[in-house]
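Subject: Handing over the model

Hi there,

Here is the structure I promised to pass on.

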Amino acid sequence: MVLQVQIRDDDPRPPYEQVRAQISSAIATGDLPTGTRIPPVRQLAGDLGVAAGTVARAYKELEAAGLVATARRAGTTVIGHPDDSHESALNALAADFVQQARRLGAGNQAVRAAVEHHLA
């Protein structure tokens, strides 16, 4: 699996949060299964054209959330979700959906209607 992360200028979130959210979402959906190695900080930073500190902060937050683990020579590896995996995964997916809907100009009522439509 190749990690697909993009930094969008039209996204109001800071770059580190965009990286964190996209990796978290990929873990939640199974696109990055447990045991998958993600790129080193410097490599991903270079690929994205951002400072290494930006990616390092995203990785640190993912590690604090129990989604990845970093070992000196083994790199950063997906370890999955903590015990509340379904709740964490749903929250990550919902946050990403709402952010994308906001970029489209959707208000709360439109966002709720879209979700309700897909729950029916």
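Below is what turned up in it, beginning with the conventions.

This is a predicted model, so to speak with caution built in: local features need pLDDT of at least 70, side-chain atom pairs count only at pLDDT 80 or more, and totals for chains, interfaces and linings use all residues. Numbering runs from 1 along each chain as its sequence is written, and side-chain values use heavy atoms, with hydrogens and water left out.

**The core.** The largest nonpolar core has 18 residues, and I23, L32 and L44 have the most contacts inside it. Such a core is a set of buried Ala, Val, Leu, Ile, Met, Phe, Trp, Tyr and Cys residues joined through side-chain atoms within 4.5 Å; buried means under 20% relative accessible area, exposed over 50%, and partly exposed in between (1.4 Å probe, protein chains only). Helix 1 (15–28), helix 2 (41–48) and helix 3 (52–64) each supply at least two of its residues. Helices here are DSSP runs of H or I, at least four residues long, numbered from the N terminus. Leaving aside residues up to four places away in sequence, L44 touches L3, V19, I23, P39, V55 and Y59 (contact: heavy atoms within 4.5 Å).

**Helix 2.** Its buried residues are L44, A45 and L48. Seen down the axis of helix 2, they fall within an arc of 100°, so they line one face; the arc is taken from the directions from the helix axis to the C-beta atoms. These buried residues pack against helix 1 and helix 3, while the face turned away from the buried side carries the exposed R42, G46 and D47. After helix 2 comes G49, with a positive phi near 75°.

**Salt bridges.** Counting a side-chain nitrogen of Lys or Arg within 4 Å of a carboxyl oxygen of Asp or Glu, there are five salt bridges. D11, R13 and R103 are linked in a network of them: D11 meets R13 at 2.8 Å, N to O, and R103 meets D11 at 3.1 Å, N to O. R103 lies in helix 4 (residues 85–103) and D11 in the segment before helix 1, so this pair ties together parts that are 92 residues apart in sequence. D11 is buried at 7% relative accessible area and R13 is buried at 16%, whereas R103 is partly exposed at 25%.

Elsewhere, R57 and E61 meet in a salt bridge (3.4 Å, N to O); both lie in helix 3, four residues apart, about one turn.

Happy browsing!
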